[in-house]
Amino acid sequence: MNKFIVILIVSLQSITNAIAVNECGIIPIKTWSGQTSRRTEELDTPVKLVVIQHTVSTPCHTDKFCEDILQNIRDYQIKQLHFTDIGPSFLISGHGKVYEGAGWNRVGAHTRGFNDKAIAISFIGDFTYLLPSPEALYAAQQLLDCGVKNNFLTEDYRLCAFDDGRTRYFAMHFALLSYCSVILSLQWCFAGSSCPTIVSRKDWDGLRPVRVKYLPRPVDLVIIQHTATSTCETDSGCAELVRNIQSYHMESLNYWDIGHSFLVGGNGKIYEGPGWLHVGAHTYNYNSKSIGIAFIGNFNNDEPKTKALDAVKALIQCGVQQGHLTSNYHVVAHRQLIAIESPGRKLYNEIRRWPDWLDDVSSIKN
């Protein structure tokens, strides 16, 4: 009898979800992928939290192209990240179509620590420097209204942009649209991530890149470098040095952006360059398959600071946790791959003691 009741409840939940999907104008996962969702864990609704994200992919504005992108995202998350299925609850295209992911009543995989208590809406595209289309924003508002109407969201739900290292870029610019009803209640939230704080381009007052190229992820190589400049100890001093490096790279070397994926100062803070998502310009022939992390200073003579070393170790582990780096990644020195002194003698001797150090680079050297 109890088994019958459980089956009945699950069936009713599935019917309710199907009705809501139809009423909300959502394209079911089976329609765009040809398969039903593999997710089975039920989400306890209504929920009070809606996480806003982006896919960090090419945007789309036609049905066929959007379906191709969604399938690529789904395949990547299942095969590379080992998710049960595509992570977000819903995905929204540039032409205002809403695609079902985990849906209203299944637990997704979108925000560590909040998957079982939130709905995630992911805008298809990379909104580091661009804004979602009006059609996409309108579709998001309609979806939220429909969620409330069908009791999947509480009436006092809140939109949240999580600073977990993956959604920060989108939120910086999404927050600028405070006049739009979609984000009247958008707030910063923190996912309790073990990742170190990354000083954003906005916070160090950096220039936008001329253009960007996406980095195929995950990568299995971390290249440690130094900037061969003076060191810095204060937040203002480090930010100024990062700006100067970016100016030199863009104006004198004609780079699209500052070359290093990340930089770390003597203050122990990580500074955002092209980051996890975009190809940098740090190591010729290796830019499209590695992350370049530069310690600010010249470490032929200077000793690297413990807090800077710890910050980089934490950043690397964060990259593994978030699927930007493979679990079997290797750390190498700049000088092992090209004829250069970087990262300096003292930093080189330090990183050679790291457990993920690769001494013999013959297997990866071009």
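This note comments, in numbered points, on selected features of a predicted model.

1. Six strands form an open sheet in the order 8-11-10-12-9-13, and their pairing is mixed. Strand 8 (198-199) and strand 13 (325-333) stand at the edges with a single partner strand each, so one side of each has no neighbour in the sheet.

2. One pairing in detail. Strand 10 (residues 262-264) and strand 11 (residues 270-272) run antiparallel and are joined by three bridges. Which residue of strand 11 is the bridge partner of Leu 263? The partner is Tyr 271.

3. Helices across the sheet. Helix 6 (residues 235-252) lies across strand 10 and strand 11, at about 35° to strand 11. Helix 7 (residues 306-321) lies across strand 8, strand 9 (219-226), strand 10, strand 11, strand 12 (291-295) and strand 13, and runs at about 145° to strand 13.

4. Helix 6. At 1.5 Å a residue, the 18 residues of helix 6 should span 26 Å, and the distance of 25 Å between its end C-alpha atoms agrees with this. The buried residues of helix 6 are Cys 238, Ala 239, Leu 241, Val 242, Ile 245, Gln 246, His 249 and Met 250. Seen down the axis of helix 6, these buried residues fall within an arc of 160°, so they line one face of the helix. Strand 10 and strand 11 are included in what covers the buried residues of helix 6. Ser 236 and Glu 251, on the other side of helix 6, are exposed.

5. Helix 3. The 17 residues of helix 3 (residues 63-79) should span 24 Å at 1.5 Å a residue, and the end C-alpha atoms are 24 Å apart, which agrees. Which residues of helix 3 are buried? They are Cys 66, Ile 69, Leu 70, Ile 73, Arg 74, Gln 77 and Ile 78. These residues cover an arc of only 160° around the axis, which puts them on the same side of helix 3. Their cover includes helix 2 (29-33), strand 3 (90-92) and strand 4 (98-100). The face turned away from the buried side carries the exposed residues Lys 64, Asn 72 and Lys 79.

6. Two buried loop residues. Val 56 and Cys 60 are both placed in the loop between strand 2 (47-54) and helix 3. Val 56 has a relative accessible area of 13% and is buried. Val 56 and Phe 123 are 67 residues apart along the chain, yet their C-alpha atoms are separated by 8.8 Å. Leaving aside residues up to four places away in sequence, Val 56 touches Gly 125, Asp 126, Tyr 214 and Leu 277. Is Cys 60 buried or exposed? Cys 60 is buried, because its relative accessible area is 0%. Cys 60 and Gly 94 are 34 residues apart in sequence, while their C-alpha atoms are 5.6 Å apart in space. With residues up to four places away in sequence again left out, the contacts of Cys 60 include Phe 65, Cys 66, Ile 69 and His 95.

7. Aromatic rings. The count comes to six aromatic pairs. In one of them, the rings of Tyr 348 and Trp 357 have their centres 5.7 Å apart and their planes at 75°, so the pair is edge-to-face. Tyr 348 counts as buried at 14% relative accessibility, and Trp 357 counts as buried at 13%. Elsewhere, Phe 90, Trp 104 and Phe 152 form one aromatic cluster.

8. Backbone points to check. Most residues other than glycine have a negative phi, and most peptide bonds are trans. A cis peptide bond joins Thr 45 and Pro 46, with omega about 5°; Pro 46 is found in the loop between helix 2 and strand 2. Another cis peptide bond joins Ser 342 and Pro 343, with omega about 15°; Pro 343 is found in the loop between helix 8 (334-337) and helix 9 (345-351). Ala 228 has a positive phi near 55° and is placed in the loop between strand 9 and helix 6. Ala 228 is partly exposed, with a relative accessible area of 48%. Just after helix 6, Asn 254 takes a positive phi of about 60°. Asn 254 lies in the loop between helix 6 and strand 10, and is exposed, with a relative accessible area of 61%.

Definitions and conventions
Residues are numbered from 1 along each chain as its sequence is written. This is a predicted model: local features need pLDDT of at least 70, side-chain atom pairs count only at pLDDT 80 or more; totals for chains, interfaces and linings use all residues. Side-chain values use heavy atoms; hydrogens and water are left out. Two strands pair if DSSP finds at least two bridges between them. Helices (H or I, at least four residues) and strands (E, at least two) are DSSP runs, numbered from the N terminus. Contact means heavy atoms within 4.5 Å. Axes are lines fitted to C-alpha atoms, for helices over the stretch in contact, and angles run from 0 to 180 degrees between N-to-C directions. The expected span of a helix is 1.5 Å times one less than its number of residues. Buried means under 20% relative accessible area, exposed over 50%, partly exposed in between (1.4 Å probe, protein chains only). The arc is that of the directions from the helix axis to the C-beta atoms. Rings of Phe, Tyr and Trp (its six-membered ring) pair if their centres lie within 6.5 Å; planes under 30 degrees apart count as stacked, over 60 as edge-to-face and the rest as tilted.
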